[in-house]
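Here's a quick tour of a protein model for you to follow on screen.

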Amino acid sequence: MKKFFEKLNLRKNWGYVVATLFLFLGFLAFFSALWFRTVYGALGFDSILFTLFSNGKGVEGSIVRDYLLRGFLPTVLCCAVMAFILFFKPKKESVVKTDRHTFKIYPLSKLVSCVICYVLSAALIIGGTFISQLSEKITAVAQETPFIEANYVSPNDVKITFPKEKRNLIYIFMESMESTFFSTEQGGVLKHEIANELYDLADENLNFSHNTGVGGYMLLNGCNWTAAGMVAQSTGIPLKQGKYTEEDFSNGNFLPKAVNITNILKDNGYYQTLMVGSNAKYGNRSDFYEIHGIDKIYDLYTARADGIVPKDYEVWWGMEDEHLYKYAKRELTEIAKKDQPFAFTMLTVDTHFPSGYMCNLCKNEFDEQYENVVSCASRQVYEFVEWIKQQPFYENTTIIIIGDHTSMDNEYMTRVGATGDKRRVYNCIINSAINTEFSKNRKFTSLDMFPTTLAAMGCKIEGDRLALGVNLFSGKQTLVEQYGHTLIHSEMTKESKFYYKTFYN
């Protein structure tokens, strides 16, 4: 090894070392972008920034292993091969003879080798910027949009009247749940039925849809990953980052001046909780809810302390939904005994990509693991709803079941032909305080769930608008119905000084 480094002579060949470093960075940028786009799909560069600069504690190990195998390993191998070809070359020319000709191949000079290295690195980085949609982000950052300011309705300026008897709220975020998972006969894309319980819940209760059947909402930039989806549905604004540091999301800095539904409920005497089956700190979710009026947060660690799972228990992202629902039943029973209305929010996790998690309740009915997991999730949430219906607090409780975003298992979705306009996020409202004739053939987004949730609880909203959302019960045009999805999707990516001034410190 010593002789190898003496022969390598790094001090003399520092130019090769620097060029190889750039080559490595080029391959790393290209293969990382390719991995992200292949696995997640076209989520936009904001989702990458959030992942990089938010709290990453509790990330599921298989995602890291998949990246190391399909992102980092190709980087190392390609860089090593190219460096060997360019820099570890014979000192003299070599002769190649054929039947008719004799060729002399001269070794590349140090300068030429380095130039090739830098040009290749630049090409790889440029390719990575387009694949990862960084190029779109750069273009958007250079543009200031007046759209958010022009269309924002401050909840502080809106009169919200609660019913005399305030209703409880159980809000269930189902990880990656799409109406796309239904069969073609049910309005989805699959050839067979895998989520009949979810379909029946939406069909028999209230479902806001893009068609006349069971459908859902469209995604926007800044609303299309879990933390962003939770922010969008509860505040009516997309998630945009300021300085791109973790300080944006911790120590009370996670959109501290945004008015969340939890702020409104807190002001009206609600006891509020959040329950997740993973580490609540992941993606700074706990930071967001703690500064917006939540009273208690349950996660993997409280589940261990409360005896739901063993002290050292951890699978997948934390614990399976089987344990999450058991935990929810126990805590809801206690919360309902309080002398105040409650709002219980929970986030499932088994249907997270890649391929979901096969728990003990899952059946091997389908060839795709993901379909078995979705089917199991459908049965579990249905059983949970049936349990709620048997509880004394149900009569005065509104239940909302909704996806946080579309599935990020891009490889599976591509295999089943679920692309573009075919995909919508699932939603279902059970035991709503009011009904509506405006639930079908709608174009809407997660932003509209903020006022719609309050309306489902029996609240009257002056003007039927909050933040960038519209109360879907009212039949008033949503922003997407007014301006079109393409325009708003683009505007959500652009810079907005109003956004940072209004919602950040």
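At what angle do helix α8 and helix α14 pack, and how far apart are their axes? They pack at about 45°, with the axes 7 Å apart. Keep in mind that this is a predicted model. It has 19 helices and 13 strands, and 55% of its 505 residues are buried.

**Two helices that meet**

- Helix α8 covers residues 196-204, and helix α14 covers residues 369-389.

**The nonpolar cores**

- In soluble globular proteins, nonpolar side chains tend to be buried together.
- Here, the largest nonpolar core has 71 residues, and Leu 255 and Leu 454 have the most contacts inside it.
- If you skip residues up to four places away in sequence, Leu 454 touches Ile 160, Phe 162, Ile 261, Ile 264, Leu 265, Cys 459, Ile 461 and Leu 466.
- There's also a second, separate core of 52 residues, and its members include Tyr 325, Met 346, Phe 366 and Ile 388.

- Where does Asn 207 sit? You'll find Asn 207 in the loop between α8 and β5 (216-217).
- Asn 207 has 1% relative accessibility, which is under the 20% cut-off, so it counts as buried.
- Count along the chain and Asn 207 and Asn 427 are 220 residues apart, yet their C-alpha atoms are 6.0 Å apart in space.
- A polar atom of the Asn 207 side chain lies 2.7 Å from the backbone oxygen of Asn 427.
- Leaving aside neighbours within four places in sequence, the residues in contact with Asn 207 include Ala 202, Gly 213, Ser 439 and Lys 440.
- Zooming out, take the contacts between residues at least 6 apart in sequence: 76% of them join residues at least 24 apart.

- The peptide bond from Phe 353 to Pro 354 is cis, with omega near -5°.
- Pro 354 is in the loop between β8 (342-347) and α14, and Ser 355 is found in the loop between β8 and α14 too.
- Ser 355 isn't a glycine, but it has a positive phi of about 70°.
- With 29% relative accessibility, Ser 355 counts as partly exposed.
- Ser 176 isn't a glycine either, and its phi is positive at about 60°.
- Look for Ser 176 in the loop between β4 (168-174) and α8.
- Is Ser 176 buried or exposed? Its relative accessibility is 1%, so Ser 176 counts as buried.

**A serine inside a helix**

- Ser 32 is part of helix α2, which covers residues 14-40.
- The side chain of Ser 32 reaches the backbone oxygen of Leu 28 at 2.6 Å.
- Ser 32 has a relative accessibility of 19%, and the cut-off for buried is under 20%, so Ser 32 counts as buried.

Methods:
Residues are numbered from 1 along each chain as its sequence is written. This is a predicted model: local features need pLDDT of at least 70, side-chain atom pairs count only at pLDDT 80 or more; totals for chains, interfaces and linings use all residues. Side-chain values use heavy atoms; hydrogens and water are left out. A nonpolar core is a set of buried Ala, Val, Leu, Ile, Met, Phe, Trp, Tyr and Cys residues joined through side-chain atoms within 4.5 Å. Buried means under 20% relative accessible area, exposed over 50%, partly exposed in between (1.4 Å probe, protein chains only). Contact means heavy atoms within 4.5 Å. Axes are lines fitted to C-alpha atoms, for helices over the stretch in contact, and angles run from 0 to 180 degrees between N-to-C directions. Helices (H or I, at least four residues) and strands (E, at least two) are DSSP runs, numbered from the N terminus. A polar contact is a pair of N or O atoms within 3.5 Å; within protein, one must be able to donate a hydrogen and the other to accept it, and residues adjacent in sequence count only if both atoms are side-chain atoms.
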